[in-house]
Amino acid sequence: MKSVLKIEEVAMFVLGLYLYSLLDFPWWLFLVLILAPDIGMLGYLLGNRTGANIYNIFHHKGLAIFIYLAGVFWSMPLVQLIGVILFSHASMDRIFGYGLKYYKGFKFTHLGEVGKGNG
């Protein structure tokens with residue numbers, strides 16, 4: 001099942017690349033921004049619960065899709081860009097076994113414990 005989930009995440013990452021290609025931004029910007037959502041890890045400086053909540057906001061695909069579609073609806077490429085980056089980043093993270101976080105701590109995710117053969 002892990003392989004099937006990883007293939008699904010790769011497909012979603014490729015979708016993110018395609019959606020980015022429809023925008024009028026240079027590819028180097030994608031490479032610069034793809035790790036930007038990890039800024040959400042700073043929430044862990046405020047404790048596990050706050051850290052998990054902030055991290056999960058920056059890595060929630062539903063929110064990313066909503067942001068992207070809002071950008072499409074209002075013809076705002078910058079908002080579309082934010083949605084694509086959030087979506088692509090979340091897919092990339094999940095390919096490597098980093099999922100949404102539980103309050104127990106950073107390494108406890110909906111995909112299993114990070115570092116326990118889940119990545």
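This is a predicted model: local features need pLDDT of at least 70, side-chain atom pairs count only at pLDDT 80 or more; totals for chains, interfaces and linings use all residues.
Arg49 counts as exposed because its relative accessibility is 53%, and the cut-off for exposed is over 50%. Arg49 and Gly105 are 56 residues apart in sequence, yet their C-alpha atoms are 8.0 Å apart in space.

## Aromatic rings

The whole structure contains 7 aromatic pairs. One of them joins Tyr44 and Phe106 in an edge-to-face arrangement, with 5.4 Å between the ring centres and 80° between the planes. Tyr44 sits in the loop between α2 (27-33) and α3, and Phe106 in the loop between α5 (77-95) and β1 (108-109), so this pair ties together parts that are 62 residues apart in sequence. Tyr44 counts as buried because its relative accessibility is 17%, under the limit of 20%. Phe106 has a relative accessible area of 29% and is therefore partly exposed.

Phe106 also has a charge over its ring: the charged end of Lys101 is 4.0 Å from the ring centre. A second example is Lys61, which lies over the face of Phe87 at 5.8 Å from the ring centre. Elsewhere, ring pairs link Phe13, Tyr20, Trp27 and Phe30 into a cluster.

In soluble globular proteins, nonpolar side chains tend to be buried together. The largest nonpolar core here has 13 residues, and those with the most contacts inside it are Phe13, Tyr20, Phe30, Ile34, Leu81 and Val84. Helices α1 (2-21), α2 and α5 are the elements that give two or more residues to this core. The largest share comes from α5, with 5 residues.

Tyr20 belongs both to the ring cluster and to the core. Leaving aside residues up to four places away in sequence, Tyr20 touches Phe25, Pro26, Trp27, Leu29, Phe30, Leu81 and Val84.

## The chain as a whole

The chain has 5 helices and 2 strands, in the order α-α-α-α-α-β-β along the sequence. Its C-alpha trace spans about 40 × 35 × 25 Å along the principal axes. A compact globule of 119 residues would have a radius of gyration near 14 Å, so the 15 Å of this chain agrees with that description.

Of the 119 residues, 39% are buried. Among contacts with a separation of 6 or more, 54% are between residues 24 or more positions apart. The chain exposes about 7100 Å², and carbon and sulfur atoms supply 73% of that area.

Note on methods:
Residues are numbered from 1 along each chain as its sequence is written. Side-chain values use heavy atoms; hydrogens and water are left out. Buried means under 20% relative accessible area, exposed over 50%, partly exposed in between (1.4 Å probe, protein chains only). Rings of Phe, Tyr and Trp (its six-membered ring) pair if their centres lie within 6.5 Å; planes under 30 degrees apart count as stacked, over 60 as edge-to-face and the rest as tilted. Helices (H or I, at least four residues) and strands (E, at least two) are DSSP runs, numbered from the N terminus. A charge sits over a ring if NZ of Lys or CZ of Arg is within 6 Å of the ring centre and within 35 degrees of the ring normal. A nonpolar core is a set of buried Ala, Val, Leu, Ile, Met, Phe, Trp, Tyr and Cys residues joined through side-chain atoms within 4.5 Å. Contact means heavy atoms within 4.5 Å. The radius of gyration is taken over C-alpha atoms; the globule rule is 2.2 Å times the number of residues to the power 0.38. Accessible areas come from the Shrake-Rupley method with a 1.4 Å probe; for residues, only the protein chains shown count as cover.
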